[in-house]
Amino acid sequence: LTEWCIESLIAVFQKYAGKDGYNCSLSKTEFLSFMNTELAAFTKNHKDPSVLDRMKKLDVNSDGQLDVPEFLNLIGGLAVACHDSFLKAIPSQKWT
């Protein structure tokens, strides 16, 4: 299952990367397309209205593109936020 999840994340990245010419990263246009299609519920419900501001924060090397590690930082951050939300929703219990 974990291998399949990793393969799926890379497939989604590749689905959007390269439309602007360089298939190893997401341009601003490609990132907007990804966010508005794949994470539409998140972008509509998020307090920060600017998706491109989010991209700037993820763009560690400031090249105006998101490469795979930068993209995975977004996915990891979303996973952590979902996990935290899940923990808040369930009664307090000890995890062993």
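Ser-62 counts as exposed, at 62% relative accessibility. Exposed means over 50% relative accessible area, buried means under 20%, and partly exposed lies in between (1.4 Å probe, protein chains only). Ser-62 sits in the loop between α4 and β2. Its phi is positive, about 55 degrees, although Ser-62 is not a glycine.

This is a predicted model: local features need pLDDT of at least 70, side-chain atom pairs count only at pLDDT 80 or more, and totals for chains, interfaces and linings use all residues. Residues are numbered from 1 along each chain as its sequence is written, and side-chain values use heavy atoms, with hydrogens and water left out.

The Asp-59 side chain reaches the backbone nitrogen of Asp-63 at 3.1 Å. That is a polar contact: a pair of N or O atoms within 3.5 Å, where within protein one must be able to donate a hydrogen and the other to accept it, and residues adjacent in sequence count only if both atoms are side-chain atoms. Asp-59 also touches Gly-64, Gln-65, Leu-66 and Glu-70, not counting residues up to four places away in sequence. Contact here means heavy atoms within 4.5 Å.

What is the nearest side chain of opposite charge to Asp-59? It is Lys-28, 7.5 Å away. Lys and Arg count as positive, Asp and Glu as negative; His and the chain ends are not counted. Asp-59 is buried yet has no salt bridge. A salt bridge needs a side-chain nitrogen of Lys or Arg within 4 Å of a carboxyl oxygen of Asp or Glu.

Side chains of opposite charge can pair when their charged atoms come close. A search of the whole structure finds one salt bridge. Its partners are Glu-38 and Lys-15, at 3.3 Å from N to O. The pair links distant parts of the chain, with Glu-38 in helix α2 (residues 28-38) and Lys-15 in helix α1, 23 residues apart. Glu-38 is partly exposed at 34% relative accessibility. Lys-15 is partly exposed too, with a relative accessible area of 47%.

Now move to the loop between β1 (25-26) and α2, where Ser-27 lies. Ser-27 is buried, at 7% relative accessibility. Leaving aside neighbours within four places in sequence, Ser-27 is in contact with Asp-20, Met-55, Gly-64 and Gln-65. The C-alpha atoms of Ser-27 and Asp-63 are separated by 9.6 Å, though these residues are 36 apart along the chain.

Next, the helix pairs. The axes of α2 and α4 come within 10 Å and cross at roughly 115 degrees. Axes are lines fitted to C-alpha atoms, for helices over the stretch in contact, and angles run from 0 to 180 degrees between N-to-C directions. Lys-28, Phe-31, Leu-32 and Met-35 in α2 meet Val-51, Leu-52, Arg-54, Met-55 and Leu-58 in α4. Helix α1 (residues 2-16) and helix α5 (residues 68-89) have axes that come within 11 Å, again crossing at roughly 115 degrees. There, Leu-9, Ile-10 and Phe-13 in α1 meet Val-68, Phe-71, Leu-72 and Ile-75 in α5.

Finally, the whole chain. It holds five helices and two strands, in the order α-β-α-α-α-β-α. Helices (H or I, at least four residues) and strands (E, at least two) are DSSP runs, numbered from the N terminus. Of the 96 residues, 25% count as buried. Among contacts with a separation of 6 or more, 42% come from residues 24 or more positions apart.
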